[in-house]
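Subject: Structure for you to look at, with notes

Dear colleague,

I am passing on the structure below, together with notes on what turned up in it. Please read the notes with the structure open beside them.

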Amino acid sequence: KFYCKASNKFGADVCQAELTIIDKPHFIKELQPVQSAVNRKIRLECQVDEDRKVTLSWTKDGHKIPPGKDYRIMFEDKIASLDIPLSKLKDTGTYTCTATNEAGSSSSSAMVTIKDRTLPPFFTKTLRNVESVVGGTCHLDCKVSGSLPIKVSWFKHDKEITPSAKYTIRYEEGSASLEIKKLDTKDVGVYSCKATNSAGSKECSSALAVKGLPSLLPFFLGVSFQKVFVIHYLLTFSQICLSNIV
């Protein structure tokens with residue numbers, strides 16, 4: 001408090017005044033980014049250090065947000081919140097809360113991202129067992145559906161296949177294919193296609209047999225991947241022994 005005193009020979013008088021220093025509001029808890037699916041409730045929340053004579057306003061991408069059925073705005077105990085009861089794709093954007101008093105203003109912003117429901121990959125056409133000839137070319141193909149983007153990978157006995165002069169991998173408009181050139185005994189085995197997106201993954205498999213060798217196809221239909229290894233190597237070893245005898 002400040003006092004002013006005036007006096008003369010006839011007497012004195014005093015008046016007083018109180019000086020209050022006001023600072024602009026500051027955010028002690030900032031808005032945080034939000035990612036959600038459609039038709040979910042979303043809350044944006046922040047906190048200021050002062051709520052006396054403080055007014056709040058909210059904007060989305062620079063446009064003022066009025067209270068209404070699409071948004072619920074609250075400010076209580078220094079906590080400001082904006083609720084979106086039922087999110088939609090159009091609610092994606094940058095939201096800003098601005099706190100103002102007579103000394104100035106401060107703002108806090110965060111990005112809200114609304115995504116449509118993501119479907120995990122699934123096969124509308126699975127791989128089929130294939131029999132081909134030594135020196136030939138074979139194609140393994142399947143069809144994948146689900147929410148994009150989808151990554152497709154190919155494996156032989158759980159080891160990933162990469163594109164090369166021998167292997168050609170294609171994936172266009174849901175159709176996945178693996179082309180194997182210049183087939184030989186080493187290509188016999190189980191091949192898998194794996195489709196992956198942000199919601200999960202799915203895999204299908206098939207067996208490749210090569211003519212000119214005892215057909216492995218009947219065995220592949222009922223044995224595990226590990227047994228396929230054993231069958232393949234036994235056949236290879238037998239061929240080596242026969243060639244040595246001849």
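I begin with strand β15 (residues 151-156), which pairs with β19 in the antiparallel sense over six bridges; helices (H or I, at least four residues) and strands (E, at least two) are DSSP runs numbered from the N terminus, and two strands pair if DSSP finds at least two bridges between them. Within this pairing, the bridge partner of Phe 155 is Ser 192 of β19.

Before going further, a word on how to read the values: this is a predicted model, in which local features need pLDDT of at least 70 and side-chain atom pairs count only at pLDDT 80 or more, while totals for chains, interfaces and linings use all residues. Residues are numbered from 1 along each chain as its sequence is written, and side-chain values use heavy atoms, with hydrogens and water left out.

The sheet around β19

On its other pairing, β19 meets strand β20 (residues 200-211), again in the antiparallel sense, over nine bridges, and a hairpin of two residues joins β19 to β20. Along this pairing Val 190 stands opposite Ala 207 of β20, and Gly 189 stands opposite Leu 208 of β20. Seven of the nine residues of strand β19 (residues 189-197) are buried, so the strand is largely enclosed by the rest of the structure; buried means under 20% relative accessible area, exposed over 50%, and partly exposed in between, with a 1.4 Å probe and protein chains only.

These strands belong to an open sheet of five, in the order β13-β20-β19-β15-β16, with mixed pairing. Its edge strands are β13 (130-133) and β16 (159-161), each of which pairs on one side only. The twist averages 35° from one strand to the next, where axes are lines fitted to C-alpha atoms (for helices over the stretch in contact) and angles run from 0 to 180 degrees between N-to-C directions.

Strand β6 (residues 55-60) and β10 pair in the antiparallel sense over six bridges, with Thr 59 standing opposite Thr 96 of β10.

The loop between β9 (79-84) and β10 (93-101) holds Ser 87, which is buried, with a relative accessible area of 0%. A polar atom of the side chain of Ser 87 lies 3.0 Å from the backbone oxygen of Ala 37. Leaving aside neighbours within four places in sequence, Ser 87 is in contact (heavy atoms within 4.5 Å) with Ser 36, Ala 37, Val 38, Asn 39, Arg 40, Ile 42 and Ile 114.

Salt bridges

A search of the whole structure finds nine salt bridges, each defined as a side-chain nitrogen of Lys or Arg within 4 Å of a carboxyl oxygen of Asp or Glu. One of them links Lys 29 with Glu 45, the closest N and O atoms being 3.0 Å apart. Since Lys 29 lies in strand β3 (residues 27-29) and Glu 45 in strand β5 (residues 42-48), the pair ties together parts that are 16 residues apart in sequence. Both residues are partly exposed, Lys 29 at 37% relative accessibility and Glu 45 at 26%.

Arg 52 and Glu 50 also meet through their side chains in a salt bridge, at 3.1 Å from N to O; Arg 52 is exposed, with a relative accessible area of 64%, whereas Glu 50 is partly exposed at 23%. A further salt bridge joins the side chains of Glu 179 and Lys 181, with 3.1 Å from N to O. Glu 179 counts as buried at 13% relative accessibility, while Lys 181, at 25%, counts as partly exposed. Finally, salt bridges that share partners join Lys 29, Arg 43, Glu 45 and Asp 83 into one network.

The whole protein

The secondary structure comes to two helices and 20 strands, and buried residues make up 35% of the 246 residues. Of the contacts with a separation of 6 or more, 58% are between residues 24 or more positions apart. The accessible surface comes to about 15800 Å², of which 54% belongs to carbon and sulfur atoms; the areas come from the Shrake-Rupley method with a 1.4 Å probe, and for residues only the protein chains shown count as cover.

With best wishes

How values were computed
Polar contact = N/O pair within 3.5 Å; in protein donor to acceptor, adjacent residues only side chain to side chain.
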